[in-house]
Amino acid sequence: MKALDYLKSLPREGLPKSVERGIKSPSNADLKRWLNMGAIIINGKTPKSLDEIELPITELIFFPYGKRRTTIWKQN
C-alpha cells in the first residue's frame, strides 16, 4: 500500500489539524506535502507519498521533530 493511500484511509478527525489555512482537518494535499517533507514516520521510516509501506502499522508519528509532535500509534 502506498503511504498516501494509507493516510487517506484514516479518519480525518483523528489526525493532527492543519494550521496553514485555519485549524482544519488535513486535506489530501496536506498529507502528501507532509509525507514528502519527511514530517511523518511510519514504522520507523519517513516514506515519500508514493512509497510502498508495509502492513501492519506499528508506529505512526506526525511532526516528530517539532513542537506539534503527535504520536497516533506506537506498539512496543
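Residues are numbered from 1 along each chain as its sequence is written, and side-chain values use heavy atoms, leaving out hydrogens and water. Because the model is predicted, local features need pLDDT of at least 70 and side-chain atom pairs count only at pLDDT 80 or more, while totals for chains, interfaces and linings use all residues.

**View 1. Strands S1 and S2 side by side.** Strand S1 (residues 40–42) runs antiparallel to S2, joined to it by 3 bridges. Ile-41 has Ile-61 as its bridge partner in S2. Strands here are DSSP runs of E with at least two residues, numbered from the N terminus, and two strands pair if DSSP finds at least two bridges between them.

**View 2. The two faces of strand S2.** From S2 (residues 59–62), Glu-59 and Ile-61 point one way, Leu-60 and Phe-62 the other. In a regular strand, side chains alternate between the two faces of the sheet. All four residues are buried (under 20% relative accessible area, 1.4 Å probe, protein chains only).

**View 3. Glu-59 up close.** Glu-59 sits in strand S2 and counts as buried because its relative accessible area is 14%. Its side chain reaches the backbone nitrogen of Gly-44 at 2.8 Å.

**View 4. The largest nonpolar core.** This core has 17 residues, and Leu-7, Ile-40, Ile-42, Leu-60 and Phe-62 have the most contacts inside it. A nonpolar core joins buried Ala, Val, Leu, Ile, Met, Phe, Trp, Tyr and Cys residues through side-chain atoms within 4.5 Å.

Technical notes
Buried means under 20% relative accessible area, exposed over 50%, partly exposed in between (1.4 Å probe, protein chains only). A polar contact is a pair of N or O atoms within 3.5 Å; within protein, one must be able to donate a hydrogen and the other to accept it, and residues adjacent in sequence count only if both atoms are side-chain atoms.
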